[in-house]
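Hi there,

Here is the structure I promised to pass on.

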Amino acid sequence: MYLIDTYLGKDRLPFIEKKEICRKTQVFDSPDKIYEFLNKYFRLNERTEEYIYLLGCDTKGHSLGIFELSHGTVNGSLITSREVYMKALLCGASTIVLVHNHPSGDPTPSELDINTMERIKDAGDILAIPLMDFIVCGDNCYYSAKEQGYL
């Protein structure tokens, strides 16, 4: 499994850097596995600011890469469909999962969270890269839009 990041080189052209974070391919076929993975490798449930991660997967849920999309404040972090799907295309994802944390510990999605999820879902429908889940991590619990029937 790789954490993938993009940078500008000295020539101001973008390049991709992959950092191996674990040796085996992960299968993200449940919100439980995703929640456990992000807490184990990124301590997402312990962060004091909001972080948003994109998990790029193939059609069977095997991990292709993970991206940190945004690092925000204690109660907010912004993303656009452009950033999300640019990263998804870089790793060849067939499906994506978006995950972010709520430092308050309460995983209940805000109105902004729901609006963002709907925007990303609509963009994914156009690009044929569906948003498979939208997960909010809290203290020892999570919210999954898929489990709640929103996706």
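Leaving aside neighbours within four places in sequence, L69 is in contact with I52, Y53 and L54, with I79, E83, V84 and K87, and with L98. Please keep in mind that this is a predicted model.

L69 also belongs to the largest nonpolar core, which has 22 residues. L69 is listed there among the residues with the most contacts inside the core, along with L54, V84, Y85, I96, L98 and I120. At least two residues of this core come from each of β3 (51-57), β4 (63-71), α2 (81-90), β5 (95-101), α3 (111-127) and β6 (131-137). Apart from this core lies another one, of 16 residues, including I34, F42, L44 and L55.

Now to the two helices. The crossing of α2 past α3 is right-handed. On the α2 side the contact is made by S81, V84 and Y85, and on the α3 side by R119, I120, A123, G124 and L127. By type, the residues of this contact are five nonpolar, two polar and one charged.

P130 is partly exposed, with a relative accessible area of 30%. Beyond its neighbours within four places in sequence, P130 is in contact with S94, T95, I96 and G124. The C-alpha atoms of P130 and A93 are separated by 9.6 Å, although these residues are 37 apart along the chain.

Best wishes

Notes
Residues are numbered from 1 along each chain as its sequence is written. This is a predicted model: local features need pLDDT of at least 70, side-chain atom pairs count only at pLDDT 80 or more; totals for chains, interfaces and linings use all residues. Side-chain values use heavy atoms; hydrogens and water are left out. A nonpolar core is a set of buried Ala, Val, Leu, Ile, Met, Phe, Trp, Tyr and Cys residues joined through side-chain atoms within 4.5 Å. Buried means under 20% relative accessible area, exposed over 50%, partly exposed in between (1.4 Å probe, protein chains only). Helices (H or I, at least four residues) and strands (E, at least two) are DSSP runs, numbered from the N terminus. Contact means heavy atoms within 4.5 Å. A crossing is left-handed if the near helix is turned anticlockwise from the far one by less than a right angle, and right-handed if clockwise. Ala, Val, Leu, Ile, Met, Phe, Trp, Tyr, Cys and Pro count as nonpolar, Asp, Glu, Lys and Arg as charged, and the others, Gly among them, as polar.
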